[in-house]
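Please read them with the model open.

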Amino acid sequence: MKIYKEKDYDAVSKRAAALVAAQIKEKNDSILGLATGSSPVGMYKELAEMYNSGELSFKNIRTVNLDEYAGLADDDVNSYHYFMNQHLFSKVDIDPANTHLPNGIAVDPDAECASYEAMVQSLGGADLQVLGLGENGHIGFNEPGTPFTETTHLVDLTESTIHANSRLFEKIEDVPRQAYSMGIKTIMSAKHILLIVTGTAKADALAKVLTGPVTEAVPGSVLQTHPDVTVICDEAAASQL
């Protein structure tokens, strides 16, 4: 495991973008596993700037996203489809047909989970999987107690996750109570994992993930068992290491 401690969010974003860019340059048809939330926004901005400068092309890249809220259509401003289009897909030359997220309004949730999992595995898993970290140690929407053997599934979000995500909605009642998420086993099938963590609020979780016991009570702790993980954090998030 490689750990980079950067001064602030901007420095974290630049380091993370450089790592993703290196993957794309090494393999221009890479499968990128992507995340949403505040952690990767700066990284996506940097990647879009690299594309605009002619340094990078996403023409042959395929993407698989970690998760999507249940009950939200692709064009809902709070959906992760919308988020990805806003922050990355609309700003680079990626083929929309090569971008994949769970269908938030699937009629049959079990069938959607099975279909999405099969799609990810048909691609051979991600070459590089980007992750953020929840304050309770979750990765994707895999809440504490999720079995490490879980594949893509429909998650009942915990109150702490709902509260944390409410900052992105007009009111907390609007936050979906369920989400589709790659399972921990799916995430761990990636060849390389990039974990981005910033802010004091994530310091306790990061310390448990990196130095605590490997336990389903702290889902991110499973990363200790992966052969190729890079962690990029700021000084605030690293304050308890």
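1. Disulfides. A disulfide is a pair of cysteine sulfur atoms within 2.5 Å. The structure holds zero of them. Cys113 counts as buried, at 8% relative accessibility. Cys233 is buried too, with a relative accessible area of 0%. Here buried means under 20% relative accessible area, exposed means over 50%, and partly exposed is in between (1.4 Å probe, protein chains only).

2. Ground rules. This is a predicted model, in which local features need pLDDT of at least 70 and side-chain atom pairs count only at pLDDT 80 or more, while totals for chains, interfaces and linings use all residues. Residues are numbered from 1 along each chain as its sequence is written, and side-chain values use heavy atoms, with hydrogens and water left out.

3. Overall build. The protein has seven helices and ten strands. These are DSSP runs, numbered from the N terminus: helices are H or I with at least four residues, strands are E with at least two. The C-alpha atoms fill a box of roughly 45 × 45 × 35 Å, taken along the principal axes. How does the radius of gyration compare with that of a compact globule? For 241 residues, such a globule would have a value near 18 Å; the protein has 17 Å, which agrees. The radius is taken over C-alpha atoms, and the globule rule is 2.2 Å times the number of residues to the power 0.38.

4. Of the 241 residues, 53% count as buried. The protein exposes about 10400 Å². Carbon and sulfur atoms supply 50% of that area. Accessible areas come from the Shrake-Rupley method with a 1.4 Å probe; for residues, only the protein chains shown count as cover.

5. Contacts along the chain. A contact means heavy atoms within 4.5 Å. Take the contacts with a separation of 6 or more: residues 24 or more positions apart account for 80% of them.

6. Gln129. This residue sits in strand E6 (residues 128-131). Is Gln129 buried or exposed? Gln129 is buried, because its relative accessible area is 1%. Setting aside residues up to four places away in sequence, Gln129 touches Gly33, Leu34, Leu66, Met182, Ile187, Ala190, His192, Ile193 and Leu194.

7. Asn165. Helix H5 (residues 159-165) contains Asn165. At 11% relative accessibility, Asn165 counts as buried. Beyond its neighbours within four places in sequence, Asn165 is in contact with Tyr69, Tyr80, Phe141 and Val175. Asp204 is 39 residues from Asn165 in sequence, and 18 Å from it in space, C-alpha to C-alpha.

8. A salt bridge is a side-chain nitrogen of Lys or Arg within 4 Å of a carboxyl oxygen of Asp or Glu. By this rule the count comes to eight. In one of them, the side chains of Glu6 and Arg15 meet at 2.8 Å, N to O. Glu6 is buried, at 14% relative accessible area, whereas Arg15 is partly exposed, at 35%. Lys14 and Glu46 form another, at 3.1 Å, N to O. That pair links distant parts of the chain: Lys14 is in helix H1 (residues 9-26), Glu46 is in helix H2 (residues 41-52), and they are 32 residues apart. Lys14 is partly exposed, with a relative accessible area of 48%. Glu46 is buried, at 17%.

9. Lys45 forms a salt bridge with Glu49, and their closest N and O atoms are 2.9 Å apart. The two residues are four apart in helix H2, so about one helical turn separates them. Lys45 counts as exposed, at 52% relative accessibility. Glu49 counts as partly exposed, at 38%. Elsewhere, salt bridges that share partners join Lys27, Asp127 and Lys191 into one network.

10. A nonpolar patch. Which residues make the nonpolar surface patch of about 270 Å²? They are Met1, Ile3 and Leu241. Patches are made of residues with over 30% relative accessible area and no salt bridge; like charges are joined within 9 Å, nonpolar side chains (Val, Leu, Ile, Met, Phe, Trp, Tyr) within 5 Å. Met1 lies in the segment before strand E1 (2-6). Met1 is partly exposed, with a relative accessible area of 48%.
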